[in-house]
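Here are some friendly notes to read alongside the model.

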Amino acid sequence: MNKDASYTIALNACRAAMRGEVEVEIARGLYAAFAEKHDLLVPSGDPVIAHRRRRDRGPHIR
């Protein structure tokens, strides 16, 4: 993947959030924008993800 300005911005925002310098929601939004720009997001209706979510709700999962 080519590291562009959106990568640098998202990375710096995440680092700043971990240090408590910016709100987590700001960093999350910038990361989501980066991921969307580079087609890294999984559609929410993906059947594999839905199956894993159902499986992970078992009583042995905390």
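1. Leu41 sits in the loop that runs between α2 and α3, the latter spanning residues 47-55. This is a predicted model, so please read every value here as computed from predicted coordinates. With a relative accessibility of 47%, Leu41 counts as partly exposed, because the exposed class begins over 50%. Leaving aside residues up to four places away in sequence, Leu41 touches Ala32, Ala35 and Glu36.

2. The loop between α2 and α3 also holds Asp39. Asp39 has a phi near 55°, which is a positive value in a residue other than glycine. Is Asp39 buried or exposed? At 66% relative accessibility, Asp39 counts as exposed.

3. Now for the overall layout. The protein has three helices and zero strands, and along the sequence the pattern reads α-α-α. Of its 62 residues, 15% count as buried. If you look at contacts between residues at least 6 apart in sequence, 40% of them join residues at least 24 apart.

4. Next, the packing of the helices α1 and α2. Two packed helices are described by the angle between their axes and the distance between the axes. Helix α1 covers residues 5-18 and helix α2 covers residues 24-37; they pack at an angle of about 155°, and their axes are 8 Å apart. Angles over 145 degrees count as roughly antiparallel, and α1 and α2 are therefore roughly antiparallel to each other. The crossing of α1 and α2 is left-handed.

5. Which residues of α1 and α2 meet? On the α1 side they are Ser6, Tyr7, Ile9, Ala10, Ala13, Cys14 and Ala17, and on the α2 side Val24, Ala27, Leu30, Tyr31, Phe34 and Lys37. Sorted by class, this contact of α1 with α2 has 11 nonpolar residues, one polar and one charged.

6. Ala13 has a relative accessible area of 8% and is buried, because the buried class covers values under 20%. Not counting residues up to four places away in sequence, Ala13 touches Val22, Ala27 and Leu30. Take Ala27 from that list: Ala13 and Ala27 are 14 residues apart in sequence, and their C-alpha atoms are 4.9 Å apart in space.

7. The aromatic rings deserve a point of their own. A pair of aromatic rings is described by the distance of the centres and the angle of the planes. Rings count as a pair if their centres lie within 6.5 Å, and by this rule the count comes to two aromatic pairs. In one of them, Tyr7 and Phe34 are 5.8 Å apart centre to centre with 65° between the planes, an edge-to-face arrangement. Tyr7 lies in helix α1 and Phe34 in helix α2, so this pair ties together parts that are 27 residues apart in sequence. Tyr7 is partly exposed at a relative accessible area of 23%, whereas Phe34 counts as buried at 6% relative accessibility.

8. What of the rings of Tyr31 and Phe34? Their centres are 6.2 Å apart and their planes stand at 50°, so this pair is tilted. Both residues, Tyr31 and Phe34, lie in helix α2, three residues apart, about one turn of the helix. Tyr31 is partly exposed, its relative accessible area being 45%. Taken together, Tyr7, Tyr31 and Phe34 form one aromatic cluster.

9. A last stop is Thr8, whose place is in helix α1. With a relative accessible area of 41%, Thr8 is partly exposed. The C-alpha atoms of Thr8 and Phe34 are separated by 9.4 Å, and the two residues are 26 residues apart along the chain.

Key:
Residues are numbered from 1 along each chain as its sequence is written. This is a predicted model: local features need pLDDT of at least 70, side-chain atom pairs count only at pLDDT 80 or more; totals for chains, interfaces and linings use all residues. Side-chain values use heavy atoms; hydrogens and water are left out. Axes are lines fitted to C-alpha atoms, for helices over the stretch in contact, and angles run from 0 to 180 degrees between N-to-C directions. Helices (H or I, at least four residues) and strands (E, at least two) are DSSP runs, numbered from the N terminus. Angles under 35 degrees count as roughly parallel, over 145 as roughly antiparallel, 65 to 115 as roughly perpendicular and the rest as oblique. A crossing is left-handed if the near helix is turned anticlockwise from the far one by less than a right angle, and right-handed if clockwise. Contact means heavy atoms within 4.5 Å. Ala, Val, Leu, Ile, Met, Phe, Trp, Tyr, Cys and Pro count as nonpolar, Asp, Glu, Lys and Arg as charged, and the others, Gly among them, as polar. Rings of Phe, Tyr and Trp (its six-membered ring) pair if their centres lie within 6.5 Å; planes under 30 degrees apart count as stacked, over 60 as edge-to-face and the rest as tilted. Buried means under 20% relative accessible area, exposed over 50%, partly exposed in between (1.4 Å probe, protein chains only).
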